[in-house]
Amino acid sequence: MSTTVPADLRYAKSHEWARIAGDIATVGITDHAQHELTDVVFVELPKVGRQVKAGETCAVVESVKTASDIYSPLSGQVVEVNPAVEQNPALVNTEPYGGGWFFKLKISNPKESEALLSPADYTKQIAG
Amino acid sequence: MFKRTPLYSAHQKLGARLVEFGGWEMPVQYTSIMDEHQAVRTAGGIFDISHMGEVMVTGRGAQTFLNQTLTNDVRKLAVGQGQYTLMCNEEGGVVDDLYAYRLAETEYLLIINASRIDPDWDWLQGRLDQSRVADGIEIKNVSDQFGAVAVQGPRVAEFINTSIPRGSLGGTFVASVSELKKNEIGVFIFNGVTVYVGRTGYTGEDGFEVIAPAASIESIWNQILADGAAFGLKPAGLGARDTLRTEVCYPLYGHELDEDTTPIEAGVGFFVALEKGEFVGRTVLAEQKAKGTAKRSIAFKMVGKSAPPRPHYPIWVEGREVGEVVSGTQSPSLGIGIGIGYVPTEFSKPGGQIEIEIRERRYPAEVVKKPIYRKPG
């Protein structure tokens with residue numbers, strides 16, 4: 001099964017992606033992760049204004065059978081969350097990199113993105 | 001190292017996701033739980049239930065022994081009929097819930113839960129030792145000899161006769177499998193091998209359970225899958241099995257039922273036939289039927305969007321934690337969270353407002369009548 005790993009994103013080992021534009025990072029979970037979960041039925045997002053550290057749990061994704069923690073890939077403050085994914089959790093499965101985004105951070109430490117995986121390294125991780 | 005059914009390699013070939021269940025390595029899903037659930041509700045699904053146990057009880061004293069050991073009235077069974085029943089301890093706590101089929105005049109087949117094969121067998125042997133009708137009864141644990149599949153869904157009756165052709169040779173006499181009525185069982189021949197087919201199931205849909213020698217179950221699985229494909233039959237795993245049975249409030253041992261819970265508390269007192277005479281647990285169960293119980297099983301639906309309820313989540317009423325969820329899921333058929341839990345009896349009336357605690361937040365829910373899902377029309 002071929003999984004999508006867009007070239008313009010950075011990846012956490014725990015299968016979150018970050019799209020960084022200036023000091024704003026948009027965060028979601030990867031195609032590989034949604035495929036593992038199968039049917040997403042509920043997404044619990046952090047509150048706007050919350051401070052998070054890289055690696056801290058800050059959201060929950062639930063499938064029929066399991067609840068999975070989502071870890072923030074970067075440190076910063078939550079400035080926006082995606083109401084569409086709360087209304088229609090299936091977006092996580094159908095548009096993991098688009099309409100299925102979870103939240104936006106104003107990142108506090110841009111250097112942290114260097115510790116995230118490149119698309120090539122993430123692809124290697126999920127293949128092996 | 002977990003046990004594997006004879007269908008293990010079939011599951012691997014289909015790309016199933018395998019998990020541990022009751023000491024067995026079983027498919028939780030093949031494609032997705034939602035897909036498989038919908039297939040069962042609209043066409044058909046086939047489940048591997050080979051991990052379940054089978055016990056044969058035969059002899060002149062079989063009926064009396066079973067009626068003293070099980071809660072339902074086994075005398076109601078003509079040859080070729082089966083019934084849902086429970087096996088209780090002296091305190092009325094449930095040792096297991098099971099199906100009892102009368103295959104012949106003095107021959108009964110018990111279908112027991114996979115996770116309870118050893119405790120049930122120990123219990124039955126202990127009861128037999130104590131029984132005053134011990135002469136003329138033989139019990140045999142034949143769980144390892146048999147495999148089984150459950151074929152469930154509204155379209156199954158359209159193709160099952162293709163897979164298991166011709167009429168029965170024993171049990172209920174019918175000219176074809178699809179003529180079996182609900183809870184009837186027949187003895188049929190599949191590729192020269194004797195198999196049992198019962199019209200029963202655990203999903204709330206029409207369906208059949210096929211119990212066959214372990215060596216034949218893979219070819220039965222393949223045959224039914226092939227014959228049912230054109231009708232929409234799909235392989236279905238334990239994930240869908242759980243969402244289906246939860247929607248219709250069928251109990252799962254270890255969740256709604258355990259050794260510290262009685263059938264009355266669980267809401268299945270209908271299957272406790274007090275009037276038949278003495279049986280293990282009768283004293284406690286008679287008192288509970290007459291006087292009520294402190295706790296009671298409820299079915300509930302979440303009110304509005306929420307995370308799905310899951311086993312062990314606390315139940316709150318009027319600002320106090322009063323009970324616990326025992327089964328819960330997002331209902332694929334209803335698109336909302338549903339579950340079954342235990343609360344003090346005074347909070348068990350349908351319409352009651354409750355809250356389910358999920359990750360330290362409380363979400364509103366409502367007590368509803370069972371079953372939570374009813375087929376439309």
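Two residues are in contact if their C-beta atoms, placed from the backbone, lie within 7 Å. Keep that rule in mind as you click through this predicted model.

**Before you start**

Residues are numbered from 1 along each chain as its sequence is written, and chains are lettered from A, with ligands numbered from 1, in the order in which they are written. Because this is a predicted model, local features need pLDDT of at least 70 and side-chain atom pairs count only at pLDDT 80 or more, while totals for chains, interfaces and linings use all residues. Here pLDDT is the predictor's confidence in each residue, from 0 to 100. Colour chain B by that score: its average is 96, and 99% of the residues score at least 70. For the complex, the predictor gives an ipTM of 0.88 and a pTM of 0.95.

**Stop 1: B:Val210 and its surroundings**

Select B:Val210. Which residues is B:Val210 in contact with, leaving aside its neighbours within four places in sequence? They are B:Ala148, B:Val149, B:Val151, B:Val195, B:Val197 and B:Ile220.

Now select strand S13 of chain B, residues 207–213. Strands (E, at least two residues) and helices (H or I, at least four) are DSSP runs, numbered from the N terminus. Six of the seven residues of S13(B) are buried, meaning that 20 or more other C-beta atoms lie within 10 Å of a residue's own, with C-beta atoms placed from the backbone.

**Stop 2: the largest nonpolar core**

Next comes a nonpolar core, a set of buried Ala, Val, Leu, Ile, Met, Phe, Trp, Tyr and Cys residues joined through C-beta atoms within 7 Å. The largest one has 127 residues, and B:Val149, B:Val197 and B:Val210 have the most contacts inside it. Strand S6 of chain B (residues 94–104) gives the largest share, six residues. Both domain 1 and domain 2 of chain B contribute at least three residues each.

**Stop 3: the two domains of chain B**

Colour 1–291 as domain 1 and 294–377 as domain 2; these bounds come from an automatic or database domain assignment. How many Å separate their centres, taken over C-alpha atoms? The separation is 27 Å. Where they touch, 17 residues of domain 1 are in contact with 17 residues of domain 2. On the domain 1 side, helix H2 (33–42) and helix H7 (238–247) of chain B each supply at least two residues.

**Stop 4: hairpins in chain A**

Move to chain A and select strand S1 (residues 10–11) and strand S2 (residues 16–21), which are antiparallel and joined by two bridges. A:Tyr11 has A:Trp17 as its bridge partner. Four residues lie between the strands of this hairpin, and A:His15 in the turn has a positive phi of about 75°.

A:Ala21 partners A:Ile24. This hairpin has two residues between its strands, and A:Gly22 takes a positive phi near 70°.

**Stop 5: where the chains meet**

Finally, show both chains: nine residues of chain A are in contact with twelve residues of chain B. On the chain A side, strands S4 (40–44) and S6 (57–63) each give two or more residues, and S4(A) gives the largest share, three residues.

Definitions and conventions. Two strands pair if DSSP finds at least two bridges between them. A residue is buried if 20 or more other C-beta atoms lie within 10 Å of its own, exposed if 12 or fewer, and partly exposed in between; C-beta atoms are placed from the backbone.
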